[in-house]
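Here is a quick tour for anyone meeting this structure for the first time. Take a look at the model, then read on.

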Amino acid sequence: MANEEDDPIIQEIDVFLARSLLEKLYLFQYPIRPASMTYDDVTHLSAKIKPKQQKVELEMAIDTLNPNYCRSKGEQIALNVDGTCTDESSTYSSKLMDKQTFCSSQAASNVSRYAAAVYKRGELHLTPLHGILQLRPSFTYLDKADAKHREREAANEGGDSSQDEAEDDVKQITVRFSRPETEQARQRRVQSYEFLQKRQAEEHWVHLHYYGLKDSRSEHERQYLFSQGHGLAENTELIKSPSEYLMMLMPPSVEEETDKPMAPSNVLSMAQLRTLPLADQIKILMKNVKVMPFANLMSLLGSGTDPTAVLRCVQQVALLVQGNWVVKSDVLYPKDTSSPHSGVPAEVLCRGRDFVMWKFTQDRWVVRKEVAAVTKLCPEDVKDFLEHMSVARINKGWEFMLPYDEDFVKKHPDIVQRQQMLWMGIQAKLEKVYNLLKEHMTPKKQEAQSAHPLLVSGEQRVNMAKAKVKQNYGQLEKELQKQKAEMKCSEPSAKMDVANIRIKEEPLSLEEPMDTSALEGLNNGLVNGLHTAPGSGEPVNGHLPGGHLPGGCIDRVTQELKAFVSSTFKKQFVLTLSELKRLFNLHLASLPPGHTLFSGISDKMLQDMVLDTGCKQILVPFPPQTAASPDELKVYALWEAGDTYDQHRQVLLEIFSKNYRVRRNVIQSQLSQECGEDLNKQEVDRVLKDCCVSYGGMWYLKGTVQS
């Protein structure tokens, strides 16, 4: 009441709503006017509009006699735009920049709350605006100047060429026939930015006539800003209560909802998250965070959430690791997806990530090389697994990112027991898939999990390595004696070839490095993900050395290996031994547990099978300074595929047996000469695509490019 007494009403003004210019009145917002420009000059001004787009272009006159106008600059701009010739198409007919074009853009998408007001004789007349347009300078004349400059340069460069040279420059034209457009493709095309720009460009300009401020027509039009009748019938909308009147003048805005910036598809606000069912909330949170203590999960779900319901839902999308919940692999890698790094299917990725999770249930530390050696996945995939749930420590490995949650383990022993049973099932599956030894599957003691790794001196490492070698040597010798006794009992007439039995002896020198990994037994036979047969110099591709296999098993292994090699070369045609071994290991990773190929395939067996399937080794003359490995220097190619391009491929392979890299024209001429026919571009492209790759304008056999 006191504030109202201090601010008394001194005058009441009648407000009228004018409708004569409804949906016709626009507000133009001009930039700050230069001193050399006047808006009242009507002799050198034009206007045009595109009504559907509400787009306006105005051409304003520039006062060239103004002392602030730089005449030399104006002449230079006119010369750059129009050149020396003057005709009807010239932008500046006076050879001077004497006008400026302004192009409009919408200042607001919703103008329903804006009106133009006129105050006259104690009355306020309001007319709603139909649009607010901001006018900005248009510099299209600069584009025209650039186009003129490019035309002059092209004319100067092509001026010395003769008509004969122009006729010789013949380009091949490819004719393509468009396929019928589907409804889905048509909708995508209609919604595209290019289509919308084309539609806007197709709308014709409507030229307008400009009337100055003091023109009689302008005076006549300004009268429509006043309400034509002051009777109550004309202004019934204003016979409202004060609150209704303000609501009409300032309706509630919906711009906040419609114009709110769209968040990325993988981002969900907490407010939106809590509108979803509890199971979906937990799945989204676990998928984004990946590792979370139960207490943090409860805090994110908000107050009043039932912990029992949360426990029931979280077990569907996560597994318990060291008292913390880690999202399941099949949630991160759904079915029918693949790795973005190597293209490995989701099933193989899930097995590899489950192995990493299982390792963290046994120990707080994991070594990346061990994981890569067992899972045979590329380093990028293994790094992704580890980054999901651990942190890299220099010279130590990867440590689980969260501390052991003893509170949760003590409060929920039933959940912990159920999760242990699940991990036992996963452990059994991993043991079959990766053929892990029993001694590597036994979990370590809890003290070892919680304790920090101790620093061991070099002398202690050597002594521990010596003791370990002696222990392993004694065990191997006992197993050999046991095998000899069994062989004598089962086959008394057969003579045992002792020379074929070799015991892997490890040196006792001081240079012997100590194997401190958790999978020492596995790493003894692994080199770059490939198993090595004990006692032999041949690398083995598979999970276990072949050993002595029955005849029927050997036949099955041979058939499976032959089928793999044959199908691979029919797709690739040319492969290095290194690439072939990589593809074979990926093939092994996708096979079910217990497959015959897990018996172990040596490099020699793989190369012999390549030659048996009709392939030949191409002796590519690599440069002397090449850094390629021995496996990358061995190049094999399918000699006969049974199609019409066999002869062409053989000629191409003969070329690369004499040259490390070749130009395309040399290849095409050699093919035409040897095959006795003129090959078209498509046929040459087909042969090159089968066997070669292009790099730096030269062609190489697949896998032989040295970066």
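## A salt bridge across the chain

Asp 631 is partly exposed, with a relative accessible area of 21%. In this predicted model, Asp 631 pairs up with Lys 581 in a salt bridge, and their closest N and O atoms are 2.7 Å apart. The two come from distant parts of the chain, 50 residues apart: Lys 581 belongs to helix H25 (residues 577-589), while Asp 631 belongs to helix H27 (residues 630-633).

## A buried pair and its network

Next up is Arg 649, which makes a salt bridge with Asp 690, with 2.9 Å between the closest N and O atoms. This is another link between distant parts of the chain, with Arg 649 in helix H28 (residues 646-656) and Asp 690 in helix H30 (residues 681-691), 41 residues apart. Arg 649 and Asp 690 are both buried.

## A pair within one helix

Glu 75 and Arg 71 form a salt bridge too, with the closest N and O atoms 3.7 Å apart. Both sit in helix H2 (residues 71-82), and because they are four residues apart there, about one helical turn separates them. Glu 75 is partly exposed at 39% relative accessible area, and Arg 71 is partly exposed as well, at 45%.

How many salt bridges are there by this rule? The count comes to 19.

## Two helices crossing

Helix H15 (residues 346-362) packs against helix H19 (residues 413-434) at an angle of about 125°, and their axes are 10 Å apart. That angle makes H15 oblique to H19. The crossing of H15 and H19 is left-handed.

## Positive phi in two loops

Lys 376 isn't a glycine, yet it has a positive phi of about 60°. You'll find Lys 376 in the loop between helix H16 (368-375) and helix H17 (379-389). Its relative accessibility is 10%, so Lys 376 counts as buried.

Phe 573 isn't a glycine either, and its phi is positive at about 70°. Phe 573 lies in the loop between helix H24 (551-572) and strand E19 (574-576). With 8% relative accessibility, Phe 573 counts as buried.

## A nonpolar patch on the surface

Leu 246, Leu 249 and Met 250 make up a nonpolar surface patch of about 280 Å². Leu 246 is part of helix H8 (residues 242-249). Is Leu 246 buried or exposed? Leu 246 is exposed, because its relative accessible area is 53%.

Technical notes: Residues are numbered from 1 along each chain as its sequence is written. This is a predicted model: local features need pLDDT of at least 70, side-chain atom pairs count only at pLDDT 80 or more; totals for chains, interfaces and linings use all residues. Side-chain values use heavy atoms; hydrogens and water are left out. Patches are made of residues with over 30% relative accessible area and no salt bridge: like charges are joined within 9 Å, nonpolar side chains (Val, Leu, Ile, Met, Phe, Trp, Tyr) within 5 Å. Accessible areas come from the Shrake-Rupley method with a 1.4 Å probe; for residues, only the protein chains shown count as cover. A salt bridge is a side-chain nitrogen of Lys or Arg within 4 Å of a carboxyl oxygen of Asp or Glu. Buried means under 20% relative accessible area, exposed over 50%, partly exposed in between (1.4 Å probe, protein chains only). Axes are lines fitted to C-alpha atoms, for helices over the stretch in contact, and angles run from 0 to 180 degrees between N-to-C directions. Angles under 35 degrees count as roughly parallel, over 145 as roughly antiparallel, 65 to 115 as roughly perpendicular and the rest as oblique. A crossing is left-handed if the near helix is turned anticlockwise from the far one by less than a right angle, and right-handed if clockwise.
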